[in-house]
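Please keep the sequence and the 3D view at hand while reading.

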Amino acid sequence: MVSRTTDDYLALAINGIHTITEPAFWPGFDRKGVDGFHDYFHHLTVVEPARAARFRIRHYCWIGLNSKESENPELAEEVLKIIPQYLDRPTVLGLGEIGLNKNSLNEIKALERQLGIAAERNDMILVHTPHLEDKLKGTRIIMDMILSDKRLSPSRVLIDHAEEHTIGEIKDNGFWFGLTLYPNSKGSPERAVDAVEVFGPDNICINSSADWSVSDPLATVKCANEMRRRGHPEATIHKVFYENPKAFLGQSPKFRAE
Amino acid sequence: MSMEISPMSAVQALETYFLDNRARLLEIASFLDRIDRYKESSAAKDDFRYKSFIKALRLVIECGKDRTQNVQLLFSDLSAGPIENAAGLKAHGAWEGAFREGN
């Protein structure tokens, strides 16, 4: 968790979380050159697994060029060239988070290239969908792109940051979907449990935002508690917060949950 | 496995969530009062975000069901094609295009 302090790893361990995955994402500013990405991918694949291991937490990650930095095509091209060498590292599960932010032509081009890398390597994919008013349109564009490449299976793709207006279409197309919890700006534990109740507990992975902004790595624990408060059976809670992510992530031969 | 009905009853849900959501409603009322009270109030009320917000409030009462999904759709960009360039653009939380002629 490159944006977080070591205290957060301790808090996760105390709360019984023994395995995490962290996507490559936008650091809050646009990087100036490809060296910044080398350092970042090294951090994700070497430094963070070691930091997590101090607390007996297994740390996996996803490598990719985020959509916000796709608007610099020259830099994007350089980054796309270095991505495969990091995908080979032992704790990297696939390409992610890749996707769209404002649904621009440059973003689509970079996404297309990365989908191609995933298809050639048979890697799994973690998709970032746009925020706020751009989400519905972006989610549809992304799904069309993936479904049009017959080498890619939706069952090996998780479309993240889904919300009430996108979940149905994502599920209907056979993808896994993620709900990301934020303390006050986007999805709450209450709405996430509503989604489980409305759409069912299959193919859903609920995850905590743990980035450089206001976020809470323990949000999944709080969400599980919200399910418990409503009286949902322990077996369903276990499925949503343990069996589901294990089933999705376990499609990577590198992943183990116990 | 589908479970459209929560083990909690609607009465229990009301008991559990009423006070939290009463407080949220007061936050919204207070936010709108603030817009009324501050200078340049009419400019703020002419902004597409304010207009969307008011439309969403009405929708919550009037649509009768699937309120969350309907509010999400109300705030969404419903155009189809990609944009030319995203440099310098940010998300606003509402779609300005909904207030352009023809939409």
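This is a predicted model: local features need pLDDT of at least 70, side-chain atom pairs count only at pLDDT 80 or more; totals for chains, interfaces and linings use all residues.

Chain A holds an open sheet of seven strands in the order β1-β2-β3-β4-β5-β6-β7, and the pairing is parallel. At the edges stand β1 (19-23) and β7 (204-208) of chain A, each of which pairs on one side only. Averaged over the sheet and with direction ignored, neighbouring strands are turned by 30° against each other. Helix α8 (residues 219-229) of chain A packs on the sheet, where it touches β6 (176-181) and β7 of chain A. The direction of α8 makes about 125° with that of β7(A).

The pairing can be followed strand by strand. β1(A) is joined by five bridges to strand β2 (residues 58-63) of chain A, and the two run parallel. Within this pair, A:I20 has A:H59 of β2(A) as its bridge partner, and A:T21 has A:Y60. β2(A) is in turn joined to β3(A) by three bridges, again with the strands running parallel; here A:W62 stands opposite A:G94 in β3(A). Four bridges then link β3(A) with strand β4 (residues 124-128) of chain A in the parallel sense, and A:L95 stands opposite A:I125 in β4(A).

How many residues of β1(A) are buried? Four of the five are, so β1(A) is largely enclosed by the rest of the structure. For strand β3 (residues 92-99) of chain A the count is eight of eight, so β3(A) is also largely enclosed by the rest of the structure.

## A residue of β2: A:R58

A:R58 is found in strand β2 of chain A. Is this residue buried, partly exposed or exposed? A:R58 has 16 C-beta neighbours inside 10 Å and therefore counts as partly exposed, since a residue is buried only if 20 or more other C-beta atoms lie within that distance and exposed if 12 or fewer do. Apart from neighbours within four places in sequence, A:R58 is in contact with A:H18, A:T19 and A:A52. A:K150 lies 92 residues from A:R58 along the chain, and the C-alpha atoms of the two are separated by 33 Å.

## Two helix pairs

Two packed helices are described by the angle between their axes and the distance between the axes. For helix α2 (residues 34-53) and helix α3 (residues 73-87) of chain A, the axes come within 10 Å and cross at roughly 30°. This angle makes α2(A) roughly parallel to α3(A), because angles under 35 degrees count as such. The crossing of α2(A) past α3(A) is right-handed. On the side of α2(A), the contact is made by A:V34, A:F37, A:H38, A:F41 and A:T45; on the side of α3(A), by A:L75, A:E78, A:V79, A:I82 and A:Y86. By class, seven of these residues are nonpolar, two are polar and one is charged.

The second pair consists of helix α4 (residues 105-121) and helix α5 (residues 135-147) of chain A, whose axes come within 11 Å and cross at roughly 35°. The crossing of α4(A) and α5(A) is right-handed. A:I108, A:L111, A:E112 and A:L115 of α4(A) meet A:I141, A:M145 and A:I146 of α5(A). Six residues of this contact are nonpolar, none is polar and one is charged.

## Backbone features

Most residues other than glycine have a negative phi, and most peptide bonds are trans. The peptide bond from A:G96 to A:E97 is cis, with omega near -15°, and A:E97 is found in strand β3 of chain A.

A:N122 is not a glycine, yet its phi is positive, at about 60°. A:N122 lies in the loop between α4 and β4 of chain A and is exposed, with 11 other C-beta atoms within 10 Å. A:H161 likewise has a positive phi, near 60°, in a residue other than glycine. The place of A:H161 is in the loop between β5 (157-159) and α6 (167-172) of chain A, and with 24 C-beta neighbours inside 10 Å A:H161 counts as buried.

## Contact between the chains

Chain A also meets chain B: 28 residues of chain A are in contact with 27 residues of chain B. On the side of chain B that touches chain A, 14 residues are nonpolar, 10 are polar and three are charged.

Methods
Residues are numbered from 1 along each chain as its sequence is written. Chains are lettered from A and ligands numbered from 1 in the order in which they are written. Axes are lines fitted to C-alpha atoms, for helices over the stretch in contact, and angles run from 0 to 180 degrees between N-to-C directions. Angles under 35 degrees count as roughly parallel, over 145 as roughly antiparallel, 65 to 115 as roughly perpendicular and the rest as oblique. A crossing is left-handed if the near helix is turned anticlockwise from the far one by less than a right angle, and right-handed if clockwise. Two residues are in contact if their C-beta atoms, placed from the backbone, lie within 7 Å. Ala, Val, Leu, Ile, Met, Phe, Trp, Tyr, Cys and Pro count as nonpolar, Asp, Glu, Lys and Arg as charged, and the others, Gly among them, as polar. Two strands pair if DSSP finds at least two bridges between them.
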